[in-house]
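Please look over the sequence and the fold below before reading on. The paragraphs that follow go from the chain as a whole to its parts.

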Amino acid sequence: MDINRENYELGLPVIQKAGVAHKIEFKESPAMPVLDELLQDEKNHGSYDFIFVDADKDNYLNYHRRLIELVKVDKRSIELAKVGGLIGYDNTLWNGSVVAPADAPLRKFVRYYRDFVMELNKALAVDPRIEICMLPVGDGITLCRRLK
Ligand SMILES: C[S@@+](CC[C@H](N)C(=O)[O-])C[C@H]1O[C@@H](n2cnc3c(N)ncnc32)[C@H](O)[C@@H]1O
């Protein structure tokens, strides 16, 4: 899912070349309502083997709640990721700003999202339902394996 179809279409030739286009159901939409829609269908609960999150950093914790935390819907507790499944959060080093001194000169958008990324990193580090591994590749990817 992506709010911008053009970005999906940019990668589509590679997806087609790999012969996996038939496995993709693209949704042009903000992620949140799509996740909420997925949560409405019981067959999606705890069913996802792998989820990759690479969108608006100020919503990562909201996404995390829908993917792994127990969201209460009609008094039932539900979530999307499978036990044993993986969630990847991209940009968790956020241009290195997460370890920069508070007064470091940062570009405006880097500074704006830094606190959100740091908040996510802290929440993931103490979340007992997952084990995490931060890969220092690119802009940092944190892999979370759902334990329970
Ligand atoms: C850094 S790009 C990554 C795209 C893709 N993962 C890749 O590596 O090519 C971030 C993407 O998030 C999308 N995006 C931003 N806010 C979003 C939202 N609220 N819901 C869904 N997608 C969003 C943008 O349109 C953009 O395509």
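Domain bounds, as used here, come from an automatic or database domain assignment. By that assignment the protein chain is divided into domain 1 (1–40) and domain 2 (46–146). The C-alpha centres of domain 1 and domain 2 lie 20 Å apart. The structure is a predicted model, in which local features need pLDDT of at least 70 and side-chain atom pairs count only at pLDDT 80 or more, while totals for chains, interfaces and linings use all residues. Residues are numbered from 1 along each chain as its sequence is written.

A residue is near a molecule or strand if its C-beta atom, placed from the backbone, lies within 6 Å of it. The residues around the ligand are Met1, Asp2, Ile3, Asn4, Asn7, Gly11, Pro30, Ala31, Asp54, Ala55 and Asp56. Sorted by class, this shell has five nonpolar, three polar and three charged residues. In that sorting, Ala, Val, Leu, Ile, Met, Phe, Trp, Tyr, Cys and Pro count as nonpolar, Asp, Glu, Lys and Arg as charged, and the others, Gly among them, as polar.

Helices (H or I, at least four residues) and strands (E, at least two) are DSSP runs, numbered from the N terminus. The protein chain has four helices and six strands. From the N terminus on, its elements run α-α-β-α-β-β-β-α-β-β. The radius of gyration of the protein chain is 16 Å, close to the 15 Å that the globule rule gives for 148 residues, so the chain is as compact as a globular protein of that length. This radius is taken over C-alpha atoms, and the globule rule is 2.2 Å times the number of residues to the power 0.38. Along the principal axes, the C-alpha atoms of the protein chain fill a box of roughly 45 × 40 × 25 Å.

Two residues are in contact if their C-beta atoms, placed from the backbone, lie within 7 Å. Among contacts in the protein chain between residues at least 6 apart in sequence, 60% join residues at least 24 apart. A residue is buried if 20 or more other C-beta atoms lie within 10 Å of its own, exposed if 12 or fewer, and partly exposed in between, with C-beta atoms placed from the backbone. Of the 148 residues of the protein chain, 18% count as buried.

Two strands pair if DSSP finds at least two bridges between them. Strand S5 (residues 130–135) pairs with strand S6 (residues 141–146) in the antiparallel sense over six bridges. Isoleucine 130 has arginine 146 in S6 as its bridge partner, and leucine 135 has isoleucine 141. S5 and S6 form a hairpin with five residues between them, and glycine 138 in the turn has a positive phi of about 55 degrees. S6 also pairs with S4, in the antiparallel sense over five bridges. Isoleucine 141 in S6 is the bridge partner of aspartate 90.

Several residues stand in loops. Tryptophan 94 is in the loop between S4 and H4, and its phi is near 40 degrees, a positive value in a residue other than glycine. Tryptophan 94 is buried, because 24 other C-beta atoms lie within 10 Å. Asparagine 95 lies in the loop between S4 and H4 and has a positive phi of about 60 degrees although it is not a glycine. With 17 other C-beta atoms within 10 Å, asparagine 95 is partly exposed.

Valine 99 is found in the loop between strand S4 (81–90) and helix H4 (108–125). Is valine 99 buried or exposed? Valine 99 is exposed, because 9 other C-beta atoms lie within 10 Å. Glutamate 42 is in the loop between helix H2 (31–40) and strand S1 (48–53), and with 10 C-beta neighbours inside 10 Å it counts as exposed. The C-alpha atoms of glutamate 42 and glutamate 79, 37 residues apart along the chain, are separated by 9.7 Å.
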